[in-house]
Amino acid sequence: MSLFNDLDAHTSAAVKAVFAEPALLRPRMSTQYAERSADPDRPEAMAYGIFSAGPAQEDLRGQARGGQMSGTTKLSTAAAEFWIAKPQIDQLPWLPITGDAVILTARSGQPIYAISRVATSDLGDLNLMLVREDETP
């Protein structure tokens, strides 16, 4: 293991100790024209990660003719993510995929999020891009 990897492992452990919270990962199957259902081949799993949510801004790309473009259209949104460090990933029985549910068990009302995208870092960490759902656990 390199010095950088050792430093990253120590930093991730320190950040997890201060900011991490538990989340229930609920695997689901997605089929066209049907509501998502539980995946019988993957059991639910607990994970510890760092949840973040806040305002975001997206640029909408449109068509412009010559010099007629007076500016770009901006869309204000909210971004929610759940970051899981590599050591925690190694303890999971399966890797989360798009469509799986993330339930923040330590928060009031236990909000449920669906994974809309999974991003992997060079070091093996996962960043789950989330979309809020209106169902109850």
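Reader: Why is Q110 called partly exposed?

Author: The relative accessible area of Q110 is 33%. Buried means under 20% relative accessible area, exposed over 50%, and partly exposed in between, with a 1.4 Å probe and protein chains only. Q110 therefore counts as partly exposed. The structure is a predicted model, in which local features need pLDDT of at least 70 and side-chain atom pairs count only at pLDDT 80 or more, while totals for chains, interfaces and linings use all residues. Residues are numbered from 1 along each chain as its sequence is written, and side-chain values use heavy atoms, with hydrogens and water left out.

Reader: Where is Q110 found, and what is its phi?

Author: Q110 is found in the loop between β6 and β7. Helices (H or I, at least four residues) and strands (E, at least two) are DSSP runs, numbered from the N terminus. The phi of Q110 is positive, about 40°, although this residue is not a glycine.

Reader: How many helices and strands does the chain have, and in what pattern?

Author: There are 2 helices and 8 strands, and the order along the sequence is α-β-β-β-β-β-α-β-β-β. Of the 137 residues, 31% count as buried.

Reader: Which residues have the most contacts inside the largest nonpolar core?

Author: They are F51, F82, V102, L104, L128 and L130, in a core of 18 residues. A nonpolar core is a set of buried Ala, Val, Leu, Ile, Met, Phe, Trp, Tyr and Cys residues joined through side-chain atoms within 4.5 Å. At least two residues of this core come from each of β1 (21–26), β4 (45–60), β5 (73–84), β7 (112–120) and β8 (126–132).

Reader: Which residues does L104 touch?

Author: Leaving aside residues up to four places away in sequence, L104 touches E21, P22, A23, F51, F82, Q110, P111 and Y113. Contact means heavy atoms within 4.5 Å.

Reader: How many aromatic pairs does a search of the whole structure find?

Author: The search finds 1 aromatic pair. F51 and Y113 form this pair, with 5.3 Å from centre to centre and 45° between the planes.

Reader: Why is the pair of F51 and Y113 called tilted?

Author: Rings of Phe, Tyr and Trp (its six-membered ring) pair if their centres lie within 6.5 Å; planes under 30 degrees apart count as stacked, over 60 as edge-to-face and the rest as tilted. The centres of F51 and Y113 are 5.3 Å apart and their planes stand at 45°, so the rings pair and the pair is tilted. Because F51 lies in strand β4 and Y113 in strand β7, the pair ties together parts that are 62 residues apart in sequence.

Reader: How do you know that F51 is buried and that Y113 is buried?

Author: The relative accessibility of F51 is 13%, so F51 counts as buried. For Y113 the value is 9%, so Y113 counts as buried.

Reader: What makes R42 a residue that lies over the face of W94?

Author: A charge sits over a ring if NZ of Lys or CZ of Arg is within 6 Å of the ring centre and within 35 degrees of the ring normal. R42 is at 4.7 Å from the ring centre of W94 and lies over its face.

Reader: Why is the contact of E133 with R28 called a salt bridge?

Author: A salt bridge is a side-chain nitrogen of Lys or Arg within 4 Å of a carboxyl oxygen of Asp or Glu. The closest N and O atoms of E133 and R28 are 2.8 Å apart, so the pair qualifies. This pair links distant parts of the chain, E133 in the segment after β8 and R28 in strand β2 (residues 28–29), 105 residues apart. By this rule the count comes to 7 salt bridges.

Reader: Are E133 and R28 buried or exposed?

Author: E133 counts as buried at 16% relative accessibility, and R28 is buried at 8%.

Reader: What is the distance, N to O, between R36 and E133?

Author: The distance is 3.2 Å, and their side chains meet in a salt bridge. R36 lies in the loop between β2 and β3 (37–38), 97 residues from E133. At 38% relative accessibility, R36 counts as partly exposed.

Reader: How far apart in helix α2 are K86 and D90?

Author: K86 and D90 are 4 residues apart in helix α2 (residues 86–91), so about one helical turn separates them. Their closest N and O atoms, 2.7 Å apart, form a salt bridge. K86 is partly exposed, at 33%. Elsewhere, salt bridges that share partners join R28, R36 and E133 into one network.

Reader: Why is P93 called exposed?

Author: Its relative accessible area is 56%, so P93 is exposed. P93 lies in the loop between α2 and β6 (101–103).
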